[in-house]
Amino acid sequence: MDIIDSIAKKGQELADKAKDIYDINKINIQIHNQEKEMNRQYVLLAKKYLEKYEQEIDPDFIEYVEKIQEHKELIEEYRLKIAVVKGNKVCSGCGKLVQDNAGYCQACGKKL
């Protein structure tokens with residue numbers, strides 16, 4: 001009977017450990033979700049700050065603002081490349097996408 005009790009006790013200990021691991025992972029997921037949401041709020045705060053104070057950026061933040069602008073420009077270039085690969089037209093005057101059947105660029109008015 002001692003062996004059966006010992007096995008049952010070890011089995012219960014393993015089950016308790018497994019539950020603890022599950023509970024810890026569940027809490028870690030909750031922490032991760034909160035950190036993710038907090039980071040999303042930081043991004044929204046930074047965007048709102050830039051929109052409101054774009055002309056009055058503190059010199060300590062200029063480097064970051066310039067990097068963000070560089071990324072925006074690269075993203076726009078990549079989107080245009082995708083559009084060209086898809087067969088869409090790009091205005092030779094301003095570089096913006098135009099509708100395939102357009103006679104003039106909607107952004108700058110150049111004749112296509």
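C94 counts as partly exposed, with a relative accessibility of 34%. The model is a predicted one, and the cysteine sulfurs in it give a count of zero disulfides.

**Cysteines**

- The cysteine sulfur closest to that of C94 belongs to C105 and lies 3.6 Å away, which is too far for a bond, because a disulfide would need the two sulfur atoms to be within 2.5 Å.
- For C91 the closest cysteine sulfur is that of C108, at 3.6 Å, and this too is too far for a bond.
- C91 has a relative accessibility of 2% and so counts as buried, whereas C94, at 34%, is partly exposed.
- With the cut-off set at 2.5 Å, the count of disulfides therefore comes to zero.

**Aromatic pair**

- The structure contains one aromatic pair, formed by Y49 and Y53, with 5.2 Å from centre to centre and 45 degrees between the planes, an arrangement described as tilted.
- The tilted label follows because planes under 30 degrees apart would count as stacked and those over 60 as edge-to-face, while the planes of Y49 and Y53 are 45 degrees apart.
- Both tyrosines, Y49 and Y53, belong to helix α1, where they are four residues apart, or about one turn of the helix.
- Y49 has a relative accessible area of 32% and is partly exposed; Y53, with a relative accessibility of 32%, is also counted as partly exposed.

**Largest pocket**

- The largest pocket has a volume of about 390 Å³, and among the 13 residues that line it, those closest to its centre are A46, K47, L50, I68 and K72.
- Helices α1 (2-53) and α2 (62-85) each contribute at least two residues to the lining of the largest pocket, and α1 gives the most, with six residues.
- Sorted by class, the lining of the largest pocket consists of eight nonpolar, four charged and one polar residue.

**Helix α2**

- Helix α2, which supplies part of the pocket lining, has 24 residues and spans 35 Å from its first C-alpha to its last, close to the 34 Å expected at 1.5 Å a residue.
- After α2 comes G87, a residue with a positive phi, near 95 degrees.

How values were computed
Residues numbered from 1 in each chain as written. Predicted model: local features only at pLDDT ≥ 70, side-chain atom pairs only at ≥ 80, totals over all residues. Heavy atoms only, no water. 1 Å grid on protein atoms, 1.4 Å probe; cavity = no way out; pocket = protein on both sides within 12 Å on 5 of 7 lines; lining within 4 Å. Points joined across faces, edges and corners; volume = space filled by probe spheres on them. Nonpolar A, V, L, I, M, F, W, Y, C, P; charged D, E, K, R; others polar. Expected span 1.5 Å × (residues − 1). Phe/Tyr/Trp six-rings, centres within 6.5 Å; stacked < 30°, edge-to-face > 60°. Buried < 20%, exposed > 50% of the residue type's maximum accessible area, 1.4 Å probe, protein only.
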